[in-house]
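Dear colleague,

I am handing over the structure we spoke about, and my notes on it follow below. Please read them with the model open beside you.

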Amino acid sequence: MRYHSTRGAAPSLGFRDVTLAGLASDGGLYVPDTWPSLTREQIAGLAGLSYVETAVRVMLPFVEGDLSEDELRDLCSQAYGRFSHAAVTPLVQLDAQHWLLELFHGPTLAFKDVALQLLGLLFEKFLAGSGDHLTIVGATSGDTGSAAIDAVAGRAGIDIFMLHPKGRVSDVQRRQMTTVLAPNVHNIAIEGSFDDAQALVKAMFNDSGFAGRFQVTAVNSINWARLMAQVVYYFYAAVRLGAPEREVAFAVPTGNFGDVFAGYVAAKMGLPVAKLIVATNVNDILHRALSSGDYSTGSVTPTAAPSMDIQVSSNFERLLFDLAGSDVGEQMRGFERARAMRLSNAQREGAAALFASDRIEPDDMNGAMRWAFAESGEVLDPHTAIGLAAARRAGLPPEVPVVTLATAHPAKFRDAVERATGQRPSVPARLGDLFERQERYDVLPATFEAVTAYIAERATPKR
Ligand SMILES: *Cc1c(COP(=O)(O)O)cnc(C)c1O
């Protein structure tokens with residue numbers, strides 16, 4: 001498969017190079033030249049397959065040319081072998097219509113492990129024998145950082161620099177990053193918001209001086225390989241609920257628009273998706289964009305669901321591009337200047353055909369946590385609760401199963417869960433002595449100069 005940039009001015013690349021590059025050199029995001037499709041028979045044939053086999057069938061067209069089917073299967077077996085549930089992403093029924101798709105059984109307890117465990121292995125495979133050295137630079141609102149660090153800690157040829165907004169990630173999230181003491185792991189607490197951290201990362205990628213000196217890459221969901229890995233569980237879940245005979249809807253707690261965009265890709269590939277419900281918290285740029293065409297940033301309000309506390313959703317560019325039918329370089333550069341834009345009619349109408357959206361207030365988030373516990377004894381994390389609240393008021397016909405993506409284990413957000421439900425989730429044994437371990441991180445101001453100087457001192461330059 002070949003890939004091209006949403007902004008139309010970067011070279012076309014194959015899967016290996018797209019994976020190592022992350023962001024395109026014109027500031028855009030890579031998307032595949034065509035959407036591969038699975039026939040009804042092929043989708044029906046996924047029934048009863050293991051997660052790994054499903055992953056191989058869904059992802060193979062995207063890696064063609066760079067990985068054989070056996071290589072892909074081997075990487076998937078390794079990545080998903082580290083999950084603590086035999087089904088990898090099990091479905092749990094809440095009531096006659098509502099289901100949870102539990103995506104948090106990986107090593108760091110959030111759905112980001114599903115993609116990042118594979119991405120770490122892809123990096124290692126693609127670097128092996130090349131003598132190249134990769135410098136991963138990422139911004140995290142909590143979960144990407146811990147999942148990425150777990151995926152690459154101690155791997156040869158890779159350094160990871162992870163920026164998190166100081167004081168705005170939960171204690172479990174911070175410790176999952178800062179207690180990894182492998183010498184190739186560098187944690188930076190930025191004095192600012194997640195958006196400040198993400199803007200710094202974008203600036204580093206766009207700075208030819210910095211990007212020219214180091215082989216920098218991204219592990220944020222701007223990296224295509226991450227989205228690709230997430231497409232798998234939409235198929236896996238829908239087939240278990242009756243696809244392709246029956247349409248299934250998904251409610252997705254959304255921040256950077258990566259997870260829900262993977263659902264869009266699944267629909268493009270032929271999965272019968274009734275609706276993709278984009279659930280936001282009070283940081284609702286996506287809800288405003290999808291409901292009224294107004295994509296304009298405000299300031300970030302910290303909430304109990306910090307992984308959704310963002311105002312700029314990087315992956316939205318991929319949807320705008322797919323719906324526009326032409327490159328969106330001009331539109332996105334205009335947005336970056338004005339911090340605001342209007343969707344075109346084609347973009348609005350195209351999005352409305354598949355997407356619904358909702359903004360969930362804290363009371364409704366807490367209400368969803370209490371409902372799930374009372375109804376079925378399930379303890380939800382705040383992000384998942386936002387998804388479920390949106391799912392329950394989306395008004396879908398009763399015969400359509402609605403799957404809420406359970407994006408984090410409740411133990412990652414123990415205080416918020418306890419406040420809402422009175423239940424204090426215990427930290428799963430696989431995290432071990434997280435609270436006794438030594439932490440290591442540095443605090444830096446949110447300036448380009450400070451962060452690039454810090455990285456330049458520690459990273460390995462290109463040969
Ligand atoms: C990252 C994250 C999200 C948001 O996912 P996006 O792909 O950025 O939209 C939601 N919930 C949790 C727990 C997360 O870690």
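In this predicted model, Phe261, Tyr264 and Lys268 of helix H11 are in contact with Arg318, Leu319, Asp322 and Leu323 of helix H13. Sorted by class, the residues of this contact are four nonpolar and three charged, with no polar residue among them. H11 spans residues 258-268 and H13 spans residues 316-324, and the two pack with their axes 10 Å apart at an angle of about 30 degrees. Since angles under 35 degrees count as roughly parallel, H11 is therefore roughly parallel to H13. Their crossing is left-handed.

The crossing of H6 and H7 is left-handed, and the contact involves Asp143, Gly145, Ser146 and Ile149 on the H6 side and Gln173, Gln176 and Met177 on the H7 side. By class, these residues comprise two nonpolar, four polar and one charged.

Turning to the ligand, 14 residues lie around it, of which Lys112, Asp143, Gly255, Asn256 and Asp259 come nearest. A backbone N or O atom of Gly255 is placed 2.8 Å from an oxygen atom of the ligand, while a backbone N or O atom of Gly258 lies 3.2 Å from a ligand oxygen atom. On the side-chain side, an N or O atom of Thr407 is 2.9 Å from a nitrogen atom of the ligand.

Notes: Residues numbered from 1 in each chain as written. Predicted model: local features only at pLDDT ≥ 70, side-chain atom pairs only at ≥ 80, totals over all residues. Heavy atoms only, no water. Axes fitted to C-alpha atoms, helices over the stretch in contact; angles between N-to-C directions. Helix = DSSP H or I, 4+ residues; strand = E, 2+ residues; numbered from the N terminus. Parallel < 35°, antiparallel > 145°, perpendicular 65-115°, else oblique. Left-handed = near helix turned anticlockwise from the far one by under 90°. Contact = heavy atoms within 4.5 Å. Nonpolar A, V, L, I, M, F, W, Y, C, P; charged D, E, K, R; others polar. Near = heavy atom within 4 Å. Polar contact = N/O pair within 3.5 Å; in protein donor to acceptor, adjacent residues only side chain to side chain.
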